[in-house]
Amino acid sequence: MREIRLRSVWLLIIPFLWFARPTLQLLLIGVGLAGLGLFIRAMSAGFIHKEKQLTTTGPYAFTRNPLYFGTFFLGLGITIAGGHWAFPILFLAFFAGVYGRTIAGEALLLTELFGDQYRAYADNVPLFLPRPTPWRPEGAPSPPGFDFARYKRNREYEALLGVVAGFVFLTARMCF
C-alpha cells in the first residue's frame with residue numbers, strides 16, 4: 001500500500017503544478033498548515049519504533065496515527081496555497097481513500113504483532129483525531145523522549161525537503 005500511496009500522489013502533482021495560482025495570503029495560510037504538519041511528522045518520526053515495539057509515547061499518546069495526521073495538515077496546506085478550490089477537495093478525497101485503507105491495514109498488522117497490548121492502546125487512543133490529553137497505561141515507566149537519530153533514520157527530512165521545494169515553486173509561480 002505504501003508504494004501505491006507514494007506513486008499515486010504524482011497523479012495529483014502534475015495537474016497541481018500546471019493549474020496552481022497562489023496568492024500571498026494563500027501561501028501564508030498554506031505555510032502555516034504545512035509547517036504544523038511537518039512539526040507533527042517530525043515529532044512522530046523521532047518516537048516511532050517501526051514494527052519493533054508498539055510506540056505509545058510522544059505524539060502516539062494522543063493519536064494512533066500522528067504521522068498521517070501530520071500528513072493531513074501538510075497536504076492541506078500545500079493544496080490551499082495552490083490557489084484553486086478544487087485542490088483541497090481532491091486532496092481530501094485522495095487522503096480519505098488512500099490513507100483510510102492504509103490506516104486500516106496498519107491496525108490489522110499492529111494487532112497481529114502486539115495483540116492485547118495494541119488492543120488496550122486502541123481502546124484508549126483515537127485512530128486519527130487526537131485526544132486532548134496524552135494516554136499512559138497504568139504503571140508505565142516514564143517514556144523515552146524524542147530521538148533525533150531515529151528522526152534521521154526514518155528519513156523524515158525528505159518531507160521537509162519536499163515541502164520546501166513545493167513552496168519555492170508556488171512562490172515562483174506567484175511571482176511570474
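Me: Is Val168 buried or exposed in this model?
Reply: Happy to start there, and do keep in mind that the model is predicted. Val168 lies in helix H6. A residue counts as exposed when its relative accessible area is over 50%. Val168 has a relative accessible area of 54%, so the word for Val168 is exposed.

Me: Which residues of H6 are buried, and what do they line?
Reply: The buried residues of H6 are Ala159, Val163, Phe167 and Leu170. Seen down the axis of H6, they fall within an arc of 60 degrees, so what they line is one face of the helix. In general, an α-helix has 3.6 residues a turn, so residues three or four places apart point the same way. To sum up, the names to remember are Ala159, Val163, Phe167 and Leu170.

Me: Which residues form a nonpolar patch on the surface, and what is their accessible area together?
Reply: Val168 comes up again here, as a member of the patch with Leu160 and Val164. Together, Leu160, Val164 and Val168 have an accessible area of about 250 Å².

Me: Where is Arg155 found, and what is its phi?
Reply: Arg155 sits in the loop between helix H5 (148–153) and H6. Arg155 is partly exposed, with a relative accessible area of 47%. Its phi is positive, in a residue other than glycine, with a value near 55 degrees.

Methods
Residues numbered from 1 in each chain as written. Predicted model: local features only at pLDDT ≥ 70, side-chain atom pairs only at ≥ 80, totals over all residues. Heavy atoms only, no water. Buried < 20%, exposed > 50% of the residue type's maximum accessible area, 1.4 Å probe, protein only. Helix = DSSP H or I, 4+ residues; strand = E, 2+ residues; numbered from the N terminus. Arc of directions from axis to C-beta. Patch = residues over 30% accessible without salt bridge, like charges linked within 9 Å, V, L, I, M, F, W, Y side chains within 5 Å. Areas by Shrake-Rupley, 256 points an atom, 1.4 Å probe, with all protein chains shown as cover. Salt bridge = Lys/Arg side-chain N within 4 Å of Asp/Glu carboxyl O.
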